[in-house]
Amino acid sequence: MPKLSAGVLLYRTRGGVVEVLIAHPGGPFWARKDNGAWSIPKGEYADGEDPWTAAQREFAEELGLSVPAGTRLDLGQLKQSGGKVVTAFAVGGDLDVTDTRSNTFELEWPKGSGTLREFPEVDRVGWFSVAQARVKLLKGQLAFLDRLMADPDLAGLPEGT
């Protein structure tokens, strides 16, 4: 059974350009990676759990903020290269990310040292035009941007530069 993950791709329109909110993973493995490393705010959930409920919970855990009220679009599922199946929902809304704070995880670092260190699950979040997000996002999540931009309410709007 593959691992299941659910997340929220928050979007807004600024100056006629569609922007999305994405997150950079925390921890030493991702510290020096940028392009191709960002993700929609998401996390794992148990088989049988409602993916929308899980997506909202994981968004709150990773950003310390609730998903704003807005129209929800089901972006479907994508299978990641590691086998994880990600279900994503897009929500139209704005959010001030100045005060985001992520939950943390423990990791032995440096590896083999016996020292446990605590790292944020997400070390930063940002609003990016869809064009910029196509560079920043993990390759396995790019289809979510295509699905978002195919929505009739957004089709034809510029992705930015």
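Student: Which residue does the side chain of E19 make a polar contact with?
Tutor: The partner is R12: the two side chains form a polar contact of 2.7 Å. Keep in mind that this is a predicted model.

Student: Thanks! And where does E19 sit, and is the residue buried or exposed?
Tutor: E19 belongs to strand β2, which covers residues 17-25. E19 counts as buried because its relative accessibility is 16%, below the 20% cut-off.

Student: What else does E19 touch, leaving out residues up to four places away in sequence?
Tutor: Besides R12, E19 touches L10, Y11, R14, W127, F128 and S129.

Student: Let's zoom out. How many helices and strands are in the chain?
Tutor: There are three helices and eight strands. Going along the sequence, they follow the pattern β-β-β-α-β-β-β-β-β-α-α.

Student: What about burial and surface?
Tutor: Of the 161 residues, 43% count as buried. The chain exposes about 8300 Å², and 51% of that comes from carbon and sulfur atoms.

Student: And what share of the contacts comes from residues 24 or more positions apart?
Tutor: They account for 67% of the contacts with a separation of 6 or more.

Student: OK, cores. How many residues has the largest nonpolar core, and which have the most contacts inside it?
Tutor: That core has 22 residues, and L9, V20, I22 and L148 have the most contacts inside it. Two or more residues each come from β1 (4-14), β2, β4, β5, α2 (130-136) and α3 (142-149). The largest share, four residues, is given by α3.

Student: What does L148 contact, leaving aside its neighbours within four places in sequence?
Tutor: L148 is in contact with L9, Y11, V18, V20, L73, L75, A90 and L154. There is also a second, separate core of 21 residues, and L4, A6, A54 and F59 are among its members.

Student: Switching to S39: which loop holds this residue?
Tutor: S39 is in the loop between β2 and β3, the latter being residues 42-45.

Student: Buried or exposed, and why?
Tutor: S39 counts as buried, because its relative accessibility is 11%, under the 20% limit. The side chain of S39 also has a polar contact of 3.0 Å with the side chain of Q141. Beyond residues up to four places away in sequence, S39 touches I22, A23, L137 and L138 as well as Q141.

Student: One more residue, K84. Where does K84 lie?
Tutor: K84 lies in the loop between β4 (72-79) and β5 (85-92). K84 is partly exposed, because its relative accessible area is 24%, and that class runs between 20% and 50%.

Student: Which side chain makes a polar contact with K84?
Tutor: That is E44, at 3.4 Å from side chain to side chain. Leaving aside neighbours within four places in sequence, K84 is also in contact with K3, S5, K42, L78 and K79.

Key. Residues are numbered from 1 along each chain as its sequence is written. This is a predicted model: local features need pLDDT of at least 70, side-chain atom pairs count only at pLDDT 80 or more; totals for chains, interfaces and linings use all residues. Side-chain values use heavy atoms; hydrogens and water are left out. Buried means under 20% relative accessible area, exposed over 50%, partly exposed in between (1.4 Å probe, protein chains only). Contact means heavy atoms within 4.5 Å. A polar contact is a pair of N or O atoms within 3.5 Å; within protein, one must be able to donate a hydrogen and the other to accept it, and residues adjacent in sequence count only if both atoms are side-chain atoms. A nonpolar core is a set of buried Ala, Val, Leu, Ile, Met, Phe, Trp, Tyr and Cys residues joined through side-chain atoms within 4.5 Å. Accessible areas come from the Shrake-Rupley method with a 1.4 Å probe; for residues, only the protein chains shown count as cover.
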